[in-house]
Amino acid sequence: MDPEVLNAYFPLYIQAFWLTVKIGWLGIALSLVIGAIAAFTLHFRIPLFAKITAVYVELFRNTPLLVQLFFIYFALPKIGVSLSAESCGVLGLGLLGGSYMAEAFRSGLDSIPASQTQSALALGMKRSQMFRYVIFPEALTISVPAVVANMIFLLKETSVFSAISLMDLMFTAKDLIGLYYNTTEALFMLVIFYVVMLLPVSVLGSLAEKKVRYRSFGV
Amino acid sequence: MGFDVLLKGNNLLRLLQGLEVALKISLLSVVISLAGGVLLGVVVSLKNNVVNGVYRVYLEIVRIMPQLVLLFIVYFGTTKAMGINLSAEAASVIVFSFWGIAEMADLVRGALAGIPVIQYEASYALGLNRIQAYRFVIVPQILRRMVPLSINLITRMIKTTSLVMMIGIVEVLKVGQQIIEANRKTSPNGAFGVFAVVFLLYFLACWPISMLSKYLEKKWEN
């Protein structure tokens with residue numbers, strides 16, 4: 001490996017890294033919002049909306065992100081919905097992640113026994129207090145491992161953004177391999193930057209799982 | 001809406017052939033992953049320190065490296081470093097198996113670790129020998145936990161094979177692009193029809209399998 005080549009590539013990768021991180025975390029934020037709303041709709045079986053949400057979840061859980069991105073980026077403009085590549089990335093990741101997060105949150109909500117809600121109401125709590133102090137803390141505790149796993153999954157999925165010509169890490173690597181044929185250096189940098197992006201999430205995620213496990217007594 | 005382009009010539013057939021390419025790669029990888037994963041999972045459960053150390057590193061690599069990065073490393077990297085000529089299909093089967101074996105092994109390890117010692121003790125107390133205990137008590141319980149999750153792995157494998165177009169395999173997305181390009185003049189809206197159909201094809205390939213997995217999981221819950 002040639003250190004000079006690595007040096008020359010570094011700024012390009014840094015730029016791509018920030019773009020990937022930005023789109024990745026914006027997508028995750030969107031997926032958390034969509035997932036929370038979807039899980040709520042499904043858990044409380046809100047008429048009509050629950051049906052629509054169920055269709056959405058099945059559709060996006062059973063198709064690859066690459067196909068979803070192609071649909072959003074290349075097909076939607078034909079019916080008059082044009083988005084920039086970056087918004088497509090965030091939207092695609094958010095929709096894909098939303099369907100996964102929905103399942104994660106819902107399994108948390110579903111796992112709370114009826115006795116918990118009954119006890120909360122019997123203690124004289126209002127419904128809002130019951131959610132705030134009983135349901136949400138318990139449900140979130142149970143959802144954490146799945147949510148962390150989904151976050152890592154979504155950050156990994158950012159690697160397909162190059163297909164809709166976003167200048168992300170993969171795009172940079174492929175570009176440099178094609179231009180200068182320094183395959184080893186280009187791939188080495190690619191791996192390093194993905195490790196920098198994902199290892200902290202993986203480690204912090206494991207810590208968070210251990211931390212919340214104390215609170216899930218009796219499970 | 002651009003659906004007409006699919007009815008021209010043999011376009012729809014070509015699209016399905018593209019899907020077949022993707023499904024073949026995923027099927028082959030699934031078979032390798034299941035066999036290799038079960039083997040590795042059992043070996044890891046024997047709790048040899050060296051083996052488990054290597055296994056943890058392997059698992060962490062698979063956990064944080066995107067499959068596309070692994071594809072690039074195998075397809076562009078190893079071929080250049082070692083001077084071998086690897087077809088894109090072979091590279092993708094290698095990568096997906098590398099990933100699948102890790103996932104499968106972890107499922108097997110988890111299922112084995114989840115069987116309480118009391119199940120073994122009770123079997124022996126009932127006079128079953130080791131083989132009988134595994135045959136009638138342990139393995140059925142493990143299968144009940146593992147089968148739904150392994151079926152789920154198949155759908156994830158199928159979804160992940162969409163990545164192979166990025167290393168130049170002509171599968172359903174690539175065929176879709178070709179059809180759109182070829183008919184750009186006559187059906188300018190072809191992109192909508194084609195990609196909507198590709199979306200649907202993937203859904204139809206994965207949905208029944210994940211429904212089956214969900215059904216089995218519910219059925220065998222206890």
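**View 1. A:A36 in helix 1 of chain A.** With a relative accessible area of 38%, A:A36 is partly exposed (buried is under 20%, exposed over 50%, and partly exposed lies in between, using a 1.4 Å probe and protein chains only). This alanine is found in helix 1, residues 3-43, of chain A; helices here are DSSP runs of H or I with at least four residues, numbered from the N terminus. A:A102 is 66 residues away from A:A36 in sequence, yet their C-alpha atoms are 6.1 Å apart in space.

A word on what you are looking at: this is a predicted model, in which local features need pLDDT of at least 70 and side-chain atom pairs count only at pLDDT 80 or more, while totals for chains, interfaces and linings use all residues. Residues are numbered from 1 along each chain as its sequence is written, chains are lettered from A and ligands numbered from 1 in the order in which they are written, and side-chain values use heavy atoms, with hydrogens and water left out.

**View 2. The salt bridge between A:K22 and A:E86.** The closest N and O atoms of this pair are 3.1 Å apart; a salt bridge is a side-chain nitrogen of Lys or Arg within 4 Å of a carboxyl oxygen of Asp or Glu. A:K22 belongs to helix 1 of chain A and A:E86 to helix 4 of chain A, so the bridge ties together parts that are 64 residues apart in sequence. Both partners are partly exposed: A:K22 has a relative accessible area of 41%, and A:E86 has 32%. Over all chains, the rule gives eight salt bridges.

**View 3. The B:K24 and B:E20 pair in helix 1 of chain B.** Here a salt bridge joins B:K24 to B:E20, with 3.4 Å between the closest N and O atoms. The two residues sit four residues apart in helix 1 (residues 11-45) of chain B, so about one helical turn separates them. B:K24 is exposed, at 57% relative accessible area, whereas B:E20 is partly exposed, at 41%.

View 4. The side chains of B:D106 and B:R109 form a salt bridge of 3.3 Å, N to O.

**View 5. Where chain A meets chain B.** The contact (heavy atoms within 4.5 Å) takes 39 residues from chain A and 37 residues from chain B. Together the chains bury about 3600 Å², 73% of it on carbon and sulfur atoms; buried area is the accessible area (1.4 Å probe) that two parts lose on being put together, summed over both. One salt bridge is found across this interface: B:K214 pairs with A:E58 at 3.0 Å, N to O. On the side of chain A that touches chain B, the elements giving two or more residues include helix 2 (49-61), helix 4 (85-110) and helix 8 (183-213) of chain A. Helix 8 of chain A gives the largest share of that side, ten residues. By class, the side of chain A that touches chain B has 25 nonpolar, eight polar and six charged residues (Ala, Val, Leu, Ile, Met, Phe, Trp, Tyr, Cys and Pro count as nonpolar, Asp, Glu, Lys and Arg as charged, and the others, Gly among them, as polar).
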